[in-house]
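Take a walk through this structure with the model open beside you.

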Amino acid sequence: MTAETKPLTYRVDLATPLDIRGYESQEGYAAVRKALKEMQPSEVTHWVKEANLRGRGGAGFPTGVKWGLVPMGEDAPRQKYLICNADEMEPGTFKDRLLMEGAPHQLVEAMIVAGYAIQASRGYIFLRGEYVLAAERLQRAIEEAKAAGYLGANLLGSPWSFDLFVHTGAGRYIPGEETALINSLEGRRARPRAKPPYPQIAGLWGKPTVVNNVETLCNVPHIVLRGIEWFRGLSQGKSKDSGTKLYGVSGRVRRPGLWELPFGVPAREILEEHAGGMQEGRKLKCWLPGGASTDFLMPEHLDLALDFDTIAKAGSRMGTGLLTVVDDSRSIISVVRNLEEFFARESCGWCTPCRDGLPWSVRLLAALERGEGRPGDIEILEQLCRFLGPGRTFCAHAPGAVEPLQSAIKYFRHEFEAGIVKPAAQAVAQRTPAAQAVA
Amino acid sequence: MSTAPARPTTESSTAAEPYALHVDDCASIEEEIRHYEDPRAASIGALKIVQKRHGWVPGGAIPAIGRLLGIPATDVEGVATFYNLIFRRPVGRYVIKVCDSVACFLTGYEEVRDEICKQLGVGFGETTADGRFTLLPICCLGACDRGVVLMIDDDTHFGISPQDIARLLERYP
C-alpha cells in the first residue's frame with residue numbers, strides 16, 4: 001500500500017489510528033502547509049475541478065464546480081460554512097466509517113484544505129450519532145490539530161481563521177440529504193428545503209455553505225499534494241472518472257469487505273477477485289451497485305466499469321459504489337419489501353407522495369410476498385414508481401426509493417405475478433381499498 | 001359505532017410536569033451552545049444530554065430546554081419526536097438496536113431478530129417486564145461486511161448470529 005496508488009487508505013489503521021505526530025511523519029498536514037503558503041484559495045478549487053473529483057456520497061456532482069458557486073472576495077459574507085456529510089446511513093454502505101475510524105486526521109486535514117478553498121469561517125462534521133468511536137477519534141484529532149496550530153485564528157500565520165466542530169446527530173436517514181442536513185444542524189426537524197437558493201448561496205444560517213461527503217473530502221489533500229495529472233491517472237484509463245474509489249461488497253459472498261481500487265474497475269473484478277465470489281452453493285441473482293436507492297443490475301452487467309456514466313447507461317446509478325449482492329435463495333419481493341419498509345419508515349413526511357406512497361408500496365409488496373396480491377397490484381406499483389419519481393417530490397428520497405422497485409419489476413416480473421392470487425380464490429376475496437382508489 | 005381506544009400515555013411525559021435541569025446538564029448545554037452561531041442548533045445536543053441522565057427525556061425537560069435555548073417548547077418537542085435516537089418514553093436499562101436494513105436482511109437478520117424476541121419475550125418498541133431491555137430496529141449501521149450488526153447502548157456488535165444472543169445479553173445485567 002502506497003500513497004501513490006492508495007492515497008485514501010494507506011494510512012488507515014483501525015486498531016490504533018495515527019496520532020498527529022505519526023500522521024505528520026507520513027506527509028500529514030503537508031497539504032495544509034502547501035495550500036496556505038503556496039496557493040490562492042481559487043487555485044485549490046481550480047485544481048479540484050481540473051482533477052475531476054466527483055462527489056463520492058452518491059450523486060457524483062463535480063466537487064470543484066460545487067465550490068466554484070460559493071461567493072468569494074471582499075464582498076462575500078464573512079461567515080461561510082463547510083459541512084462534512086458523515087451521516088453514512090445508505091443501506092449497504094460502509095466506507096466513511098473506515099475513513100473516520102482509521103484515519104481521523106486525514107478528514108480533519110481535508111476539511112482545513114477544503115475550508116481554505118472556499119474561505120469558510122467554520123466547519124462542521126455532521127456525524128451520525130451511532131458512530132461513537134468515530135466521534136471520539138475525530139474529536140481527539142481536532143484537539144491535536146488545534147494544539148499544533150492547524151485550526152483556530154490566523155492559521156499558520158495566514159489571515160484566514162477556521163474552527164472545526166464534530167456535530168453528532170440523533171438518528172433518521174433523511175439528514176443525509178444536504179438541505180435536510182442543514183436543517184438538522186440548525187436544530188430543526190430534518191426536512192429538506194426547497195432549492196434554489198442552493199446551499200452555496202444560502203445554506204447554514206442563511207450563509208454560503210458547502211456540503212461534501214467524507215470520502216470526497218479525503219481526496220482533496222492528495223490532489224493538492226500530488227497534482228491534477230497524478231489524480232487523473234489513478235483510474236489507469238479504466239474510466240473517464242478520476243482517482244480511486246472505496247468499493248465494497250456485502251451479502252452472501254465469501255469475503256465481504258472494502259477495497260480502495262482505481263475508479264472504474266469492472267464489478268466482476270470486485271465481486272470475484274476481491275470478495276472471492278458467491279458463497280458455496282449460492283448463485284448471484286442480482287445486485288445493487290451503490291446502496292438501497294439504486295436500481296438493481298443483473299449478472300450480465302458484471303463486466304461494466306463501475307463508474308458514474310457506465311452504470312447510468314445501464315439504467316442504474318453508481319451511488320456509493322458499494323455492492324449489495326442478492327443470492328438466488330431470496331425472493332426478490334422480500335428484498336424489495338425490506339428496502340421499501342426502510343424508505344417508508346425514513347420518509348420525513350413533508351410531502352404527500354413520499355409519506356403516503358411508500359407505505360402503500362410496502363402493503364402491496366407484503367401482500368405479494370404472502371401470495372395474496374390482487375390483479376392490478378403490479379400496475380399500481382408501476383404507477384407509484386412514476387408518481388414518486390424525479391420531479392414529483394420535494395427531495396430525492398422517494399425517487400431513490402422507487403429505483404430498486406422499478407428495476408425489480410423490470411427484471412423479475414414473473415415473481416411479482418406469482419404473488420397474485422389465482423382467479424378462483426380471487427372471486428371470494430374482496431378488493432383492497434388501495435386497488436379501488438386507483439381503479 | 002365504537003369509540004377509538006385511548007392513546008397510551010405515560011404519566012410523567014407531559015410538558016406541564018415541573019422539571020429543573022441539573023446544574024451539570026445546564027453547563028453541558030451552555031458548552032454545546034458555544035459550538036454554533038444560534039442557540040437553537042444545540043437543541044439535539046441538549047436533548048441528548050438530558051437523555052443521558054435519565055435514559056429518556058421526561059416531559060418537563062422540554063420547556064426547560066426551550067427556555068435555556070430561547071426557543072418555543074413546541075419546537076423542542078418537534079425535534080424530540082422527529083429523531084429516533086431521542087426517547088420521549090421511558091426505556092429499559094439497556095436499549096438494543098438491531099439493524100434491519102438490506103445487507104443484514106440478506107445475511108441473517110430475521111433469524112437474529114426472532115431469537116432476540118424469543119429470549120426477551122418482547123417485540124420491537126417494547127421493554128422487558130423487568131425493565132432491563134428495550135428493543136428497537138435501526139437503519140443500516142454501516143458495517144455491512146460484518147452483518148448482522150446490532151448496538152446495545154453505545155456498543156456495536158458485529159457478525160451476530162442467533163447462537164451468540166444468549167451470551168451477548170448476559171454481558172448487560
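Two strands pair if DSSP finds at least two bridges between them. Helices (H or I, at least four residues) and strands (E, at least two) are DSSP runs, numbered from the N terminus. This is a predicted model, in which local features need pLDDT of at least 70, side-chain atom pairs count only at pLDDT 80 or more, and totals for chains, interfaces and linings use all residues. Residues are numbered from 1 along each chain as its sequence is written, while chains are lettered from A and ligands numbered from 1 in the order in which they are written.

Start with chain B. Its secondary structure comes to 7 helices and 5 strands. Along the sequence the pattern reads α-α-α-α-β-α-α-β-β-β-β-α. The C-alpha atoms of chain B fill a box of roughly 50 × 50 × 30 Å along the principal axes. Chain B has 173 residues, and 40% of them count as buried. A residue is buried if 20 or more other C-beta atoms lie within 10 Å of its own, exposed if 12 or fewer, and partly exposed in between, with C-beta atoms placed from the backbone. Now take the contacts in chain B with a separation of 6 or more: residues 24 or more positions apart account for 62% of them. Two residues are in contact if their C-beta atoms, placed from the backbone, lie within 7 Å.

Next comes the sheet of chain B. It is an open sheet of 5 strands in the order β2-β3-β1-β4-β5, with mixed pairing. At its edges stand β2 (126-127) and β5 (155-157) of chain B; each has a single partner strand, so one side of each is left without a neighbour in the sheet. Strand β1 (residues 94-99) of chain B pairs with strand β4 (residues 150-152) of chain B in the antiparallel sense, over 3 bridges. Here B:I96 stands opposite B:I152 in β4(B). Helix α6 (residues 109-120) of chain B packs on this sheet and touches β1 and β3 (133-138) of chain B. The direction of this helix makes about 155° with that of β1(B). Axes are lines fitted to C-alpha atoms, for helices over the stretch in contact, and angles run from 0 to 180 degrees between N-to-C directions.

Which way do β1(B) and β3(B) run? They run parallel, joined by 6 bridges. B:V95 stands opposite B:T134 in β3(B). B:T134 is also the bridge partner of B:T127.

Move to chain A. It is divided into domain 1 (20-233), domain 2 (244-327) and domain 3 (332-438), with bounds from an automatic or database domain assignment. The centres of domain 1 and domain 2 of chain A, taken over C-alpha atoms, are 27 Å apart. Between them, 11 residues of domain 1 are in contact with 15 residues of domain 2.

Chain A has an open sheet of 4 strands, ordered β3-β2-β1-β4, with parallel pairing. Its edge strands are β3 (163-168) and β4 (209-213) of chain A, each pairing on one side only. The twist averages 20° from one strand to the next. Strand β1 (residues 81-86) of chain A is joined to strand β2 (residues 122-127) of chain A by 6 bridges. Across this pair, A:Y81 stands opposite A:R122. Helix α8 (residues 178-185) of chain A packs on the sheet, touching β1, β2, β3 and β4 of chain A. Its direction makes about 105° with that of β1(A). Helix α9 (residues 214-226) of chain A also packs there, touching β1 and β4 of chain A, at about 95° to β4(A).

Finally, look at where the chains meet. The contact takes 32 residues from chain B and 41 residues from chain A. On the chain B side, α2 (43-54), α4 (73-82) and α5 (102-106) each supply at least two residues. Among these, α5(B) gives the most to that side, with 4 residues.
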